[in-house]
Amino acid sequence: MARILAFLKEGFSARQFSSLLLILDLLLSSEIKTLSCAQGKSESAFSRFLGVYRWDLSIIEEARRQEHWAQVATYMKECHIPRLTLRLILDEIVVPKSGTAFDRLGVHYSSTLDKTVPGHCFVVLYASIGPFRFPLDSRWYVNEEYCEEAGLEFKTKPQHGLSRGMKDS
């Protein structure tokens, strides 16, 4: 985690990074915490941090990828393993939605619900190597009908999963 935070620190101002650390502490702490521990931070500052400021997400993605591969390399070195088999797993996640005011809303089959539902679908490319499983990349999948209406190029789920994920890793 320290390596990821050090990598992320470069992309934030000192004030933004302080807010990020506080939010991470609230989210990741095993203790029960309330926002009262955020005394001294203004609500408008948190609102800007969470809703207004835009960051280059590629910085976060690159830090996450580097950390995953560093863990694999450390494991191989400590366990004296010369080679591991890499398996790629393509998965989809359907997030059911009610209402019609959402962008990119489609009708997708949800295997967990065992039925077709309105919602969003994400295609995730995972790496499986030794004891490690981690996401390499993800894409928002939209069905062919939506693409035609929106003037977008349609890609199948496998095309989404393999279009960039393998190139970046």
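These exercises, each with a worked solution, explore a predicted model of one protein chain.

**Exercise 1. The overall plan**

State how many helices and strands the chain has, and give their order.

Solution. 
Step 1. Count the elements. The chain has seven helices and four strands.
Step 2. Read along the sequence. The pattern is α-α-α-α-β-β-β-β-α-α-α.
Step 3. Look at burial. Of the 169 residues in the chain, 28% are buried.
Step 4. The accessible surface is about 11,600 Å², and carbon and sulfur atoms account for 56% of it.
Step 5. Look at contacts. Take those between residues at least 6 apart in sequence: 52% of them join residues at least 24 apart.

**Exercise 2. Helix H4**

Check the span of H4 against its number of residues, then list its buried residues.

Solution. 
Step 1. Locate the helix. H4 covers residues 57-78.
Step 2. H4 has 22 residues, and at 1.5 Å a residue it should span 32 Å.
Step 3. Compare. The end C-alpha atoms of H4 are 32 Å apart, which agrees.
Step 4. List the buried residues. In H4 they are Ala-63, Arg-64, Arg-65, Glu-67, His-68, Val-72 and Met-76.
Step 5. Now take Glu-61, another residue of H4. Its relative accessibility is 28%.
Step 6. Glu-61 and Asp-137 are 76 residues apart along the chain, yet their C-alpha atoms are separated by 8.6 Å.

**Exercise 3. Pairing the strands**

Work out which strands pair with S3, and in which sense.

Solution. 
Step 1. Start with S1, residues 86-96. S1 and S3 run antiparallel and are joined by 11 bridges. One example is Asp-91, whose bridge partner in S3 is Val-124.
Step 2. Move to S2, residues 106-110. S2 pairs with S3 over five bridges, again in the antiparallel sense. Here Val-107 has Pro-118 of S3 as its bridge partner.
Step 3. Finish with S4, residues 132-141. Nine bridges link S3 and S4, and this pairing is antiparallel too. Ser-128 stands opposite Arg-133 in S4.
Step 4. Conclude. S3 pairs with S1, with S2 and with S4.

**Exercise 4. A serine in strand S2**

Decide whether Ser-110 is buried or exposed, and name its contacts.

Solution. 
Step 1. Ser-110 lies in strand S2.
Step 2. Apply the cut-off. Buried means under 20% relative accessible area. Ser-110 has 3% relative accessibility, so it counts as buried.
Step 3. Name the contacts. Beyond its neighbours within four places in sequence, Ser-110 touches Val-94, Lys-115 and Val-117.

**Exercise 5. Positive phi angles**

Find residues with a positive phi and say where they sit.

Solution. 
Step 1. Recall the rule. Most residues other than glycine have a negative phi.
Step 2. Take His-80. Its phi is positive, about 55 degrees, although it is not a glycine. His-80 sits in the loop between H4 and S1. With a relative accessible area of 69%, His-80 is exposed.
Step 3. Take Asp-114. Its phi is also positive, near 55 degrees, and it is a residue other than glycine. Asp-114 is in the turn of the hairpin of S2 and S3, which has four residues between the strands. Its relative accessible area is 58%, so Asp-114 is exposed.
Step 4. Take Gly-130. This glycine has a positive phi near 60 degrees, in the hairpin of S3 and S4. Two residues lie between those strands.

**Exercise 6. The largest nonpolar core**

List the residues of the largest nonpolar core and trace them to their elements.

Solution. 
Step 1. List the members. The eight residues are Val-72, Met-76, Leu-125, Ala-127, Ile-129, Phe-132, Phe-134 and Leu-136.
Step 2. Trace the elements. H4, S3 and S4 each give two or more residues to this core.
Step 3. Follow one member. Leaving aside neighbours within four places in sequence, Phe-134 contacts His-68, Trp-69, Val-72, Leu-125, Tyr-126, Ala-127 and Ile-129.

Technical notes: Residues numbered from 1 in each chain as written. Predicted model: local features only at pLDDT ≥ 70, side-chain atom pairs only at ≥ 80, totals over all residues. Heavy atoms only, no water. Core = buried A, V, L, I, M, F, W, Y, C linked by side-chain atoms within 4.5 Å. Buried < 20%, exposed > 50% of the residue type's maximum accessible area, 1.4 Å probe, protein only. Contact = heavy atoms within 4.5 Å. Pairing = 2+ DSSP bridges. Areas by Shrake-Rupley, 256 points an atom, 1.4 Å probe, with all protein chains shown as cover. Expected span 1.5 Å × (residues − 1).
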